[in-house]
Each structure stands twice: as structure tokens, then as C-alpha cells.
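Let's take a look at a protein together, going from one residue out to the whole chain.

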Amino acid sequence: MRFINPIPFVRDINRSKEFYNKLLGLKIIEDAGNFVLFESGFAIHEGRSLEQTVWRQTRDAAESYGRRNWILYFEHGDVDAAFEKIAPHVELIHPVEKQAWGQRVFRFYDPDGHAIEIGEPQS
């Protein structure tokens, strides 16, 4: 057995696809309408259809999928440039900060309230 990828549920697949593709720069390698796979192995799935497939029911449409219980982690060679590009378009958790382990990161929410961390590559 091997782990393949996380697949966060998203409320609006088109909005999230644009967010990850245009704003974060992830290249789309498969777009099946309600499922999008990016080159890095990261994927998103339209929540209502996946809820129906997995649990045979859907939940309240107003409820956010983000629960503040995990972080989607990405790395970027120039964290400051990534911050300047992304920060004006998102709800920031915090700007670029040096963490206790020495890495510089910033964190924000995607359109569904999932926390995202972008850090400089660790050597």
C-alpha cells in the first residue's frame, strides 16, 4: 500500500480550480469536471458529488468544508515573491514569519476555509 494524495472537498469546483491554478500556479493535468488533479499530485473534488458517492447523502450547503484541522503544505523557492502575489487575494492567517525550526512560511485560507502554508524549501 502507498499513499497517493489528499483530496479536499470544495464547494465551488470552478472557483477552487482557478484559485489553485491561476493564483498558486499549480498545473492542471486532469480535469473531470467535479475532480481536478494537479501536476504535483494534489487534487480537489466538488464536495456535494463526493459526499453523495461516499456517504450517499449531502450536508448543509452553507457549512464550510475547512475545519482548521489540517494544513495543505506547499513550498516555493521565493517565499517573499509568493506572498506578494497571493496575499492581496486571500484571507491571511499570518504574513511571512520565521518558524522555530528556522523555515520562513506564511499561511492563509483557500476559498473553502482550508488552511494553506507556503514555505521556503528546506535543505
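In which strand does His-45 lie? His-45 sits in strand β4, which covers residues 43-46. Helices (H or I, at least four residues) and strands (E, at least two) are DSSP runs here, numbered from the N terminus.

A quick word on the source: this is a predicted model, so local features need pLDDT of at least 70 and side-chain atom pairs count only at pLDDT 80 or more, while totals for chains, interfaces and linings use all residues. Residues are numbered from 1 along each chain as its sequence is written, and side-chain values use heavy atoms, with hydrogens and water left out.

Back to His-45: is it buried or exposed? His-45 counts as buried because its relative accessibility is 12%; buried means under 20% relative accessible area, exposed over 50%, and partly exposed in between (1.4 Å probe, protein chains only). Setting aside neighbours within four places in sequence, the contacts of His-45 include Ile-7, Phe-9, Asn-34 and Leu-50, where contact means heavy atoms within 4.5 Å.

Now for strand β7, residues 104-109. Five of the six residues in β7 are buried.

| Pair | Bridges and sense | Partner residues |
|---|---|---|
| β6 (residues 91-98) and β7 | five, antiparallel | His-94 and Arg-107 |

What about the turns? The hairpin of β6 and β7 has five residues between the strands, and Gly-102 there takes a positive phi near 95 degrees. β7 and β8 also form a hairpin with five residues between them, and Gly-113 in that turn has a positive phi of about 85 degrees.

Finally, let's zoom out. How many helices and strands does the protein have? The count is three helices and eight strands, and along the sequence they follow the pattern β-α-β-β-β-α-β-α-β-β-β. The protein is as compact as a globular protein of 123 residues, because its radius of gyration is 15 Å, close to the 14 Å from the globule rule. That radius is taken over C-alpha atoms, and the rule is 2.2 Å times the number of residues to the power 0.38. Of the 123 residues, 41% count as buried. The C-alpha atoms fill a box of roughly 45 × 30 × 30 Å, taken along the principal axes.

Note on methods
Two strands pair if DSSP finds at least two bridges between them.
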